[in-house]
2 protein chains.
Amino acid sequence: MTLLRTHVGSALRAARTAQKRTLRDVAGDARVSLGYLSEVERGQKEASSELLNAICLALGTSLAEILGHVTREVMAHESVTLTVVDAA
Amino acid sequence: MTLLRTHVGSALRAARTAQKRTLRDVAGDARVSLGYLSEVERGQKEASSELLNAICLALGTSLAEILGHVTREVMAHESVTLTVVDAA
């Protein structure tokens, strides 16, 4: 099952690593704890909408930009699932 | 500030009303309480990723479809905000 938080976490991690920044750095700028950001990136915790905005801001990106990535990933994941179901 | 849960709620409500279905009907199919669905639709509660999937399934839509709407709305909202900031 595709979980929104998994894809949101991946998109946030991809944005951070593309900037070669550490969890500590981004968590500090976003004023969230390092543990919280780490759990969000690994899809283990749902980010609240407010903290998601703070993390996007800390990454110098927009919510729309992150959501664009997430939508494409979820779409790709859902078509793979459909293909597997069709083939079964 | 644009909040993800506000746009997710609007997209879910739009999908439900387009089908002329009641909160009770969709909440029943998704196995969530009517109060929970109502709060999610009004952007007052963050839907967990699992329950968001259940609501999408109950609406006969996909997470990707809902996210597509949400992304477009957030994008439109963010450009309005930027325009206002530019004009200030």
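This is a predicted model: local features need pLDDT of at least 70, side-chain atom pairs count only at pLDDT 80 or more; totals for chains, interfaces and linings use all residues.
The model scores an ipTM of 0.88 and a pTM of 0.90. For chain A the average pLDDT is 93, and 97% of the residues score at least 70.

The two chains are related by symmetry. Chain A is superposed on chain B by a rotation of 180° with 0.0 Å of shift along the axis, at an RMSD of 0.0 Å. This is the relation of a two-fold axis. The same surface serves both copies, since 100% of the contact residues of chain A recur in chain B.

The contact between the chains draws 21 residues from chain A and 21 residues from chain B. On the side of chain A that touches chain B, at least two residues each are supplied by α1 (4-18), α4 (49-58) and α5 (63-87) of chain A. The largest share of that side comes from α5(A), with nine residues. Sorted by class, the side of chain A that touches chain B comprises ten nonpolar, seven polar and four charged residues.

An unreviewed UniProt entry places the feature "domain: HTH cro/C1-type" at residues 12-66 of chain A. The span of residues 12-66 of chain A is 67% helix and 0% strand, and its end C-alpha atoms lie 7 Å apart.

Within chain A, the buried residues of α2(A) are A:V26, A:A27 and A:A30. Around the helix axis they cover an arc of only 100°, and therefore lie on the same side of α2(A). In general, an α-helix has 3.6 residues a turn, so residues three or four places apart point the same way. The cover over the buried residues of α2(A) includes α1, α3 (34-41) and α4 of chain A. After α2(A) comes A:R31, with a positive phi near 55°.

In α3 (residues 34-41) of chain B, the residues B:L37, B:V40 and B:E41 are buried. Viewed down the axis of α3(B), the buried residues fall within an arc of 95°, so they line one face of the helix. These buried residues of α3(B) pack against α1 (4-18), α2 (23-30) and α4 (49-58) of chain B. Following α3(B) is B:G43, whose phi is positive, near 70°.

Several loop residues were also examined. In chain A, A:Q19 lies in the loop between α1 and α2 (23-30). A:Q19 is partly exposed, because 13 other C-beta atoms lie within 10 Å, and a residue with a count between 12 and 20 is placed in that class. The C-alpha atoms of A:Q19 and A:L3 are separated by 25 Å, the two residues being 16 residues apart along the chain.

In chain B, B:K20 is located in the loop between α1 and α2. B:K20 is not a glycine, yet has a positive phi of about 50°. With 7 C-beta neighbours inside 10 Å, B:K20 counts as exposed. The loop between α2 and α3 of chain B contains B:R31, which is also not a glycine and has a positive phi of about 55°. B:R31 counts as exposed because it has 11 C-beta neighbours inside 10 Å, the limit for that class being 12 or fewer.

Terms used
Residues are numbered from 1 along each chain as its sequence is written. Chains are lettered from A and ligands numbered from 1 in the order in which they are written. Two residues are in contact if their C-beta atoms, placed from the backbone, lie within 7 Å. Helices (H or I, at least four residues) and strands (E, at least two) are DSSP runs, numbered from the N terminus. Ala, Val, Leu, Ile, Met, Phe, Trp, Tyr, Cys and Pro count as nonpolar, Asp, Glu, Lys and Arg as charged, and the others, Gly among them, as polar. UniProt positions are given in the numbering used here, feature names are shortened, and annotations may be inferred rather than shown by experiment. Copies are superposed by least squares on the C-alpha atoms of residues with pLDDT of at least 70 in both. The arc is that of the directions from the helix axis to the C-beta atoms. pLDDT is the predictor's confidence in each residue, from 0 to 100.
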